[in-house]
Amino acid sequence: MIPRDHVPSAESEGCPRRRVIVNRMLVVIASGLILLGVSMGQTFVTWLNATLL
Amino acid sequence: MSRVIAFLLTAKRRWVQAVSFIVMNSYFLQAFSKAIPCPGLNCYACPGAIFACPIGTLQHFAVTGQIPFYTLGVLGLLGALVGRLACGWLCPFGWLQELMYGLRRGLHRPKWQVSERWGWLRYVFLIVLVGLVPFLTHEPWFSKLCPQGTLQAGIPLVLVYADLRAQVGWLYVLKIAILLGFLVWMMSTKRPFCRFVCPLGAIWSPFNRVSALRLAVDQETCTQCGACQRVCPVDIPVHEDPDSSRCIRCVECIRVCPEASIRLMGE
């Protein structure tokens with residue numbers, strides 16, 4: 001019988017940790033893209049107004 | 001606890017989808033909300049639409065040769081947090097597909113299972129019809145053919161405005177044919193547009209593997225009964241592939257699993 005605290009689980013493997021790191025990186029990158037886009041005036045309404053002028 | 005939460009959530013999911021459709025087309029908030037990419041396929045040209053269709057937006061930037069940092073950032077943030085959850089809870093076209101499939105038994109439509117090998121087509125639609133063709137032709141060709149656009153804007157606007165009716169030609173006939181084709185297909189296949197065509201789903205699909213919100217299956221308790229796949233709106237064998245790129249996070253599988261083997265996890 002395997003002791004409960006030694007039962008292998010996904011959490012004890014490396015893959016979930018890598019997934020968390022990738023997820024955090026994506027959140028940071030996406031947030032950066034939003035800030036970059038807003039600073040460039042890329043919200044759709046702004047762009048649409050610009051093309052109509 | 002996860003199963004109780006899933007039951008409560010799925011009981012309300014159709015209502016959430018209905019409310020989402022109403023909110024997305026509630027007109028009066030347009031003044032400040034059109035700057036927000038819509039979390040679903042809802043046509044910008046719909047007279048009541050309050051958000052900007054992200055696919056339409058991407059095409060506009062492809063036409064002008066610019067990189068849509070803001071739109072990609074919003075879509076990326078949503079994908080990184082919840083994967084394709086917006087497809088399962090907010091997208092009006094996804095809701096329509098589920099409603100149409102629900103008519104299948106009443107209308108005695110045969111079930112038509114399409115191999116998932118064709119799932120890569122949605123990436124072709126994204127790259128070619130949303131990116132390459134608008135960039136080369138300076139015309140938003142996906143929007144011209146989009147069945148949701150036809151349903152929400154093409155048909156109502158032509159019915160209301162006489163000058164638009166005068167311009168109806170072969171393209172409009174083609175749009176109607178595409179819409180009708182999908183409406184019929186929806187009655188035989190689960191969410192065909194989501195699985196094989198939707199470019200918005202194609203953008204979010206890769207995020208399912210790494211999103212903060214995800215599904216997990218306890219293989220030790222799973223009996224592989226297939227109940228999860230039978231109830232899945234996109235026909236995933238959840239017990240084999242809980243983080244499938246097709247998964248729309250509807251959590252119906254959690255509700256029906258007899259062994260409570262499927263869990264919703266957040267990181």
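## A covered helix in chain B

Helix H6 of chain B, residues 92-102, is mostly covered, with eight of its eleven residues buried. Here "buried" means that 20 or more other C-beta atoms lie within 10 Å of the residue's own; 12 or fewer makes a residue exposed, anything in between is partly exposed, and C-beta atoms are placed from the backbone. Helices are DSSP runs of H or I with at least four residues, strands are runs of E with at least two, and both are numbered from the N terminus. The buried residues of H6(B) are B:Pro92, B:Phe93, B:Gly94, B:Trp95, B:Leu96, B:Gln97, B:Met100 and B:Tyr101.

A word on what you're looking at: this is a predicted model, in which local features need pLDDT of at least 70 and side-chain atom pairs count only at pLDDT 80 or more, while totals for chains, interfaces and linings use all residues. Residues are numbered from 1 along each chain as its sequence is written, and chains are lettered from A and ligands numbered from 1 in the order in which they are written.

## Chain B as a whole

Chain B has 15 helices and two strands. Its radius of gyration is 19 Å, close to the 18 Å that the globule rule gives for 267 residues, so chain B is as compact as a globular protein of that length. (The radius is taken over C-alpha atoms, and the rule is 2.2 Å times the number of residues to the power 0.38.) The C-alpha trace of chain B spans about 60 × 45 × 35 Å along its principal axes.

Of the 267 residues in chain B, 46% are buried. If you take the contacts in chain B with a separation of 6 or more, 70% of them are between residues 24 or more positions apart. Two residues count as in contact if their C-beta atoms, placed from the backbone, lie within 7 Å.

## Two helix pairs

Two packed helices are described by the angle between their axes and the distance between the axes. Axes are lines fitted to C-alpha atoms, for helices over the stretch in contact, and angles run from 0 to 180 degrees between N-to-C directions. Take H9(B), residues 147-160, and H11(B), residues 170-186: they pack at about 110 degrees, with axes 8 Å apart. H9(B) and H11(B) are therefore roughly perpendicular to each other (that's 65 to 115 degrees; under 35 is roughly parallel, over 145 roughly antiparallel and the rest oblique). On the H9(B) side the contact is made by B:Pro147, B:Thr150, B:Leu151 and B:Gly154, and on the H11(B) side by B:Tyr172, B:Lys175, B:Ile176, B:Ile178, B:Leu179 and B:Phe182. By class, the residues of this contact are seven nonpolar, two polar and one charged. Ala, Val, Leu, Ile, Met, Phe, Trp, Tyr, Cys and Pro count as nonpolar, Asp, Glu, Lys and Arg as charged, and the others, Gly among them, as polar.

The other pair is H3(B), residues 54-64, with H7(B), residues 121-137, packed at an angle of about 35 degrees with their axes 8 Å apart. From H3(B), B:Ile55, B:Leu58, B:Gln59, B:Ala62 and B:Val63 meet B:Val130, B:Gly131, B:Pro134 and B:Phe135 of H7(B). This contact has seven nonpolar, two polar and no charged residues.

B:Ala202 sits in helix H13 of chain B, residues 199-204. B:Ala202 is buried, with 23 other C-beta atoms within 10 Å. Apart from neighbours within four places in sequence, B:Ala202 contacts B:Arg122, B:Tyr123, B:Phe125 and B:Leu126.

Now for a couple of arginines. B:Arg191 isn't a glycine, yet has a positive phi of about 40 degrees. B:Arg191 is in the loop between H11 and helix H12 (192-196) of chain B, and is buried, with 26 other C-beta atoms within 10 Å. B:Arg249 also has a positive phi, near 55 degrees. The loop between helix H14 (227-231) and helix H15 (252-256) of chain B holds B:Arg249, a buried residue with 20 other C-beta atoms within 10 Å.

## Chain A and where it touches chain B

Chain A has two helices and zero strands, and 19% of its 53 residues are buried. Between the chains, 20 residues of chain A are in contact with 18 residues of chain B. On the chain A side, the elements giving two or more residues are helix H1 (14-39) and helix H2 (44-52). H1(A) gives the most, with 14 residues. By class, that side of chain A has 14 nonpolar, five polar and one charged residues.
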